[in-house]
Amino acid sequence: MYLCSMAGIYVHIPFCKKRCRYCDFYSTAGNNTAIRESYAKAVCWEMELRREFLQDEAIKTMYFGGGTPSQLSAALLGRIVRKAEEVFGFDTLDELTIEANPDDLSQEWIDGLKEAIPQYQLRISMGIQTFDDALLCLLGRRHTAQQAIDAVHRLQDNGITEISIDLMYGLPRVEESNEANKTYLEGWQNDLDKAVSLGVPHISAYHLSYEEGTPLSRMREQGEVREVNEEESLACFKLLRHTLLGAGYRHYEISNFALPGHEARHNSSNWSGIPYLGLGPGAHSFDGMHRTWNHPNLIRYLEVLGSKEFIENFGTISSGETLSDEDRYNEYIMTRLRTAHGISPEEIATRFGNERERHCRLRAQTYLNSHRLSRTADGRWVLTEEGIFVSDAIIADLFC
Ligand code: SF4
């Protein structure tokens, strides 16, 4: 067991009003109120059933991800939080995050949430992606740029200032000319400037990926959209760093930027190997030695959790594995190297042995020589700007 005194809870909310064209996360569209009620009840049962998973670790963070958690009513979200308080014995948290879509953030929903869980300082993580309405439409998002801006202001007016927004770069190209090239980067600059002007303390930025089987992937195959090339991606990434670092944000993880003191605590805990319990179909859990996951099947989840035999049958909707030393070393490399904290050869030797430390040192030397990794004053290795852009290859190379 990983020795620490804190843990987190992740609750997957597998509902979306409409599927976005690029997304392959597990969620279902068009569910009715009765299913959502049953779902909240099922998640509460799963908490009861798995209350021992985190042993006696104190719960410090809770995260509702999706899917679209804001598709759940404030009352149902409140019910799940109160059940977690009862089962895991906490009455306060360092962070309570709810992912949200801009067009769900009505005054009524915000009021409901403040009433349902008044004791928590809420953190809202909002998927905006771009402020370009034509691109939002192409991506199949269900909100406009103005709705996103209004939603941020509404939260701020209601005293909810811990806001994170998601942006996406490397979005599809629909035109080819040099002029369009210029416009393309100007468009991304415009997104970044708008994001900064909103005064949110946290911004996540992801490169669009064309996931197999998604409508956007088919559009690319049929030549309806063109994927950006590596040069364009790199230009976007450099613009991202330049703009956000210039505005005072810290680049503390490959995809995440925060004003000082506003880093995401739940996700940072996950990157540090702190245990978490994941509830709902598709959710993963980790206790330091074992990883388990619930199968991404809402109907089966509801059937099992809604039945009298749910204790006996829970094993049919989840799987798990015990991590080997090698898995744990690889996981350490993968999660830590993505962060500004980087990896520490000393820590590797202590936690995973001298042989793995030698292996890592040998491989890392190539990247230190090519300035893709740099050494900090206290001896850790961190990715440089050049390194971040090829981080997947570096991480894979340092694996055992
Ligand atoms: S991107 Fe978010 S809102 Fe869109 S389909 Fe995926 S989970 Fe749902």
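**Entry 1: a loop residue**

Where is Asp 287 found? I looked it up in the model, which is a predicted one. Asp 287 sits in the loop that runs between strand 12 (284-286) and strand 13 (290-294).

**Entry 2: the chain as a whole**

I stepped back to the protein chain. I listed 16 helices and 16 strands in it. The radius of gyration is 22 Å, close to the 21 Å that the globule rule gives for 400 residues, so the chain is as compact as a globular protein of that length. Along the principal axes, the C-alpha trace spans about 60 × 55 × 40 Å.

I noted that 35% of the 400 residues count as buried. I also looked at contacts with a separation of 6 or more: 75% of them join residues 24 or more positions apart.

**Entry 3: domains**

Which domains does the assignment give? It gives domain 1 (7-271) and domain 2 (343-398). The C-alpha centres of domain 1 and domain 2 are 30 Å apart. I looked for contacts between them and found 4 residues of domain 1 in contact with 4 residues of domain 2. On the domain 1 side of this contact, I sorted the residues into 3 nonpolar, no polar and 1 charged.

I wrote down a general point before looking: nonpolar side chains tend to be buried together in soluble globular proteins. Here the largest nonpolar core has 74 residues, and Ile 9 and Ile 203 have the most contacts inside it. Another core lies apart from that one; it has 15 residues, including Tyr 329, Ile 348, Phe 352 and Leu 383.

I followed Ile 203 further. Leaving out residues up to four places away in sequence, Ile 203 touches Ser 164, Ile 165, Leu 167, Ala 195, Leu 244, Tyr 249 and Phe 257.

**Entry 4: around the ligand**

Which residues surround the ligand? I listed Cys 16, Arg 19, Cys 20, Cys 23, Phe 25, Ser 27, Gly 66, Gly 67, Thr 68, Asn 101 and Gly 127. By class, this shell holds 4 nonpolar, 6 polar and 1 charged residues.

Two of the names in this list, Gly 66 and Gly 67, came up again when I went through the backbone. The peptide bond from Gly 66 to Gly 67 is cis, with omega near 15 degrees. I placed Gly 67 in the loop between strand 4 (59-66) and helix 2 (74-88).

Most residues other than glycine have a negative phi, and most peptide bonds are trans.

Gln 55 has a phi near 50 degrees, a positive value, and is not a glycine. I found Gln 55 in the loop between helix 1 (33-49) and strand 4. Is Gln 55 buried or exposed? I counted 11 other C-beta atoms within 10 Å of Gln 55, so it is exposed.

His 371, also not a glycine, has a positive phi of about 60 degrees. The loop that holds His 371 runs between helix 14 (354-369) and strand 15 (373-375). His 371 counts as exposed because it has 11 C-beta neighbours inside 10 Å.

Lys 18 lies in the loop between strand 2 (15-16) and strand 3 (28-29). With 11 other C-beta atoms within 10 Å, Lys 18 is exposed. Not counting residues up to four places away in sequence, Lys 18 touches Ala 29 and Arg 142. Lys 18 and Ile 110 are 92 residues apart in sequence, and I got 21 Å between their C-alpha atoms.

Gly 273 is in the loop between helix 9 (265-271) and strand 11 (276-279). Gly 273 counts as partly exposed because it has 16 C-beta neighbours inside 10 Å. From Gly 273 to Glu 99, 174 residues apart along the chain, the C-alpha atoms are separated by 22 Å.

Technical notes. Residues are numbered from 1 along each chain as its sequence is written. This is a predicted model: local features need pLDDT of at least 70, side-chain atom pairs count only at pLDDT 80 or more; totals for chains, interfaces and linings use all residues. A residue is near a molecule or strand if its C-beta atom, placed from the backbone, lies within 6 Å of it. Ala, Val, Leu, Ile, Met, Phe, Trp, Tyr, Cys and Pro count as nonpolar, Asp, Glu, Lys and Arg as charged, and the others, Gly among them, as polar. Helices (H or I, at least four residues) and strands (E, at least two) are DSSP runs, numbered from the N terminus. A residue is buried if 20 or more other C-beta atoms lie within 10 Å of its own, exposed if 12 or fewer, and partly exposed in between; C-beta atoms are placed from the backbone. A nonpolar core is a set of buried Ala, Val, Leu, Ile, Met, Phe, Trp, Tyr and Cys residues joined through C-beta atoms within 7 Å. Two residues are in contact if their C-beta atoms, placed from the backbone, lie within 7 Å. Domain bounds come from an automatic or database domain assignment. The radius of gyration is taken over C-alpha atoms; the globule rule is 2.2 Å times the number of residues to the power 0.38.
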